[in-house]
Amino acid sequence: MRDVSRLAGVSQMTVSRVLADPERVTETTRKRVMEAIEQLGYVPDRVAGSLSSRRTNFVTAILPTLTNSNFADTAQGLGEALRPKGYQLLIGFTMYKLAEEERIIRTMLERRPDAIVVAGTVHTKAATEMLLRAAIPIVEIWGKPDKPIDHSVGFSNYEVGRAAARYLLSLGHRRIGALGSRTDAEAIDLRGERRLAGFSAALREAGVSDELIVREGTAPVSHDHGARTMSILLDRAPDVEAVFAVSDVSAFGALMECHRRGVQVPAQLSLMGFGDFDIASQTVPAITTIRVDAGEIGVRTGELLLDLFDKTDPTQRAIGASCVDVGFKLIERLTTRVNKSRSQVRG
């Protein structure tokens, strides 16, 4: 910083102001300092600066995976919301493992982030305790917890499942199945399981059996997972009339399995997914699904954090604890139809 100040012909305090609060410096001086920084290749020591300011200007985002485009869209929305104020994302991914999430939380807290954003509302006991004691904003996303650790931005996966079941019931279907992953493995899709729980509850409320819910394989779900679970379901119940997959990724695999078996969708079987991935609108027929605006979750989370960062008093932040519900929307396409006859014979 001393070298920059000499080259730019200003004080070290002015250089510091340009880096920390450029609006307080005239445009001419700011330009001169930035040219000196570029010429010298100077990189500010943010760690040293954080010792006095207690700000590191990075936010941790802990996601299940980055191969899922919805989580990638959330990360992008979050990053775009934070970037204008000088905050950067440090991303960790858990591969749907709670033990890995706990390890990442511990590692990230050692680096003193200004906030932690974590996808999910279920954590290990140790992870929960670390988050509760972190003394920084914590935002749980992609869910709607009854008792958030601090703040939340998301929607009710349980209600998504209920909405899917009610929709298929409204079409006249009664032999209804669903496709998800196992819950006794190390990697668990807890959000998908909440959708299945809501789905099952809505079926039972309507007096319809939930025995055709198939849980097979481990998270994350894939095209192959959808094909395998649909194969299991069709072998078990060839008279199944409608199927809900916890993800469009699985729904695509299920649709391909139906094509291979000669099961006509939707003439013989209605199929729907979740997520509104790009592939859902491009399949033949296009997949009925439930849409959640993944990018909006990221943007709303970023806006919430920026508002919290402006509140320097931790007690003021606590009073402002909030739960933002972004909602969801059913997108009706061509893989579902009214069940005009429940006596159709599978081809």
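**Entry 1**

I began with strand β1 (residues 58–63), which pairs with β2 in the parallel sense over six bridges. My strands (E, at least two residues) and helices (H or I, at least four residues) are DSSP runs, numbered from the N terminus. I call two strands paired if DSSP finds at least two bridges between them. Leu-63 has Phe-93 in β2 as its bridge partner.

A note on the source: this is a predicted model, where local features need pLDDT of at least 70 and side-chain atom pairs count only at pLDDT 80 or more, while totals for chains, interfaces and linings use all residues. Residues are numbered from 1 along each chain as its sequence is written, and side-chain values use heavy atoms, with hydrogens and water left out.

Next I traced the whole sheet: six strands in the order β2-β1-β3-β4-β5-β11, an open sheet with parallel pairing. I found β2 (88–93) and β11 (323–325) at the edges, each pairing on one side only. Neighbouring strands here are turned by 20° against each other on average, direction ignored. For angles I use axes fitted as lines to C-alpha atoms, for helices over the stretch in contact, and the angles run from 0 to 180 degrees between N-to-C directions.

**Entry 2: strand β3**

How many of the five residues of β3 are buried? Five of the five are, so β3 is largely enclosed by the rest of the structure. Buried means under 20% relative accessible area, exposed means over 50%, and partly exposed is in between (1.4 Å probe, protein chains only). Ala-115, Val-117 and Ala-119 point one way, Ile-116 and Val-118 the other.

I then checked the neighbours of β3. Four bridges join it to β1 in parallel, and Thr-60 has Ile-116 as its bridge partner. β3 and β4 also pair in the parallel sense over four bridges, with Ile-138 in β4 as the bridge partner of Ile-116. The chain crosses from β3 through helix α7 (residues 125–132) to β4, a right-handed β-α-β crossover. Right-handed here means that, with the strands pointing away from the viewer, the path from the first strand over the helix to the second runs clockwise.

**Entry 3: helix α5**

I followed helix α5 (residues 69–82) across β1, β2, β3 (115–119) and β4 (138–141), and it runs at about 160° to β2. Helix α13 (residues 294–309) packs with α5 at an angle of about 30°, their axes 7 Å apart. The crossing of α5 and α13 is right-handed, that is, the near helix is turned clockwise from the far one by less than a right angle.

Which residues meet there? On the α5 side I listed several, including Asn-70, Asp-73 and Leu-78, and on the α13 side Ile-297, Val-299 and Glu-303 are among them. Contact means heavy atoms within 4.5 Å. By class, the contact has eight nonpolar, seven polar and two charged residues. In this scheme Ala, Val, Leu, Ile, Met, Phe, Trp, Tyr, Cys and Pro count as nonpolar, Asp, Glu, Lys and Arg as charged, and the others, Gly among them, as polar.

**Entry 4**

I moved on to an open sheet of four strands, with parallel pairing in the order β7-β6-β8-β9. β7 (213–215) and β9 each have a single partner strand, so one side of each is left without a neighbour in the sheet. The twist averages 15° from one strand to the next.

In β8 (residues 242–245), Ala-242 and Phe-244 point one way and Val-243 and Ala-245 the other, and all are buried. β8 runs parallel to β6 (residues 176–180), joined by four bridges, and Phe-244 is the bridge partner of Ala-178. Three bridges join β8 to β9 (residues 270–272), where Phe-244 stands opposite Met-272. Helix α11 (residues 248–261) carries the chain from β8 to β9 in a right-handed β-α-β crossover.

**Entry 5: a loop residue**

Is Asp-184 buried or exposed? Asp-184 is exposed, with a relative accessible area of 60%, and it lies in the loop between β6 and α9.
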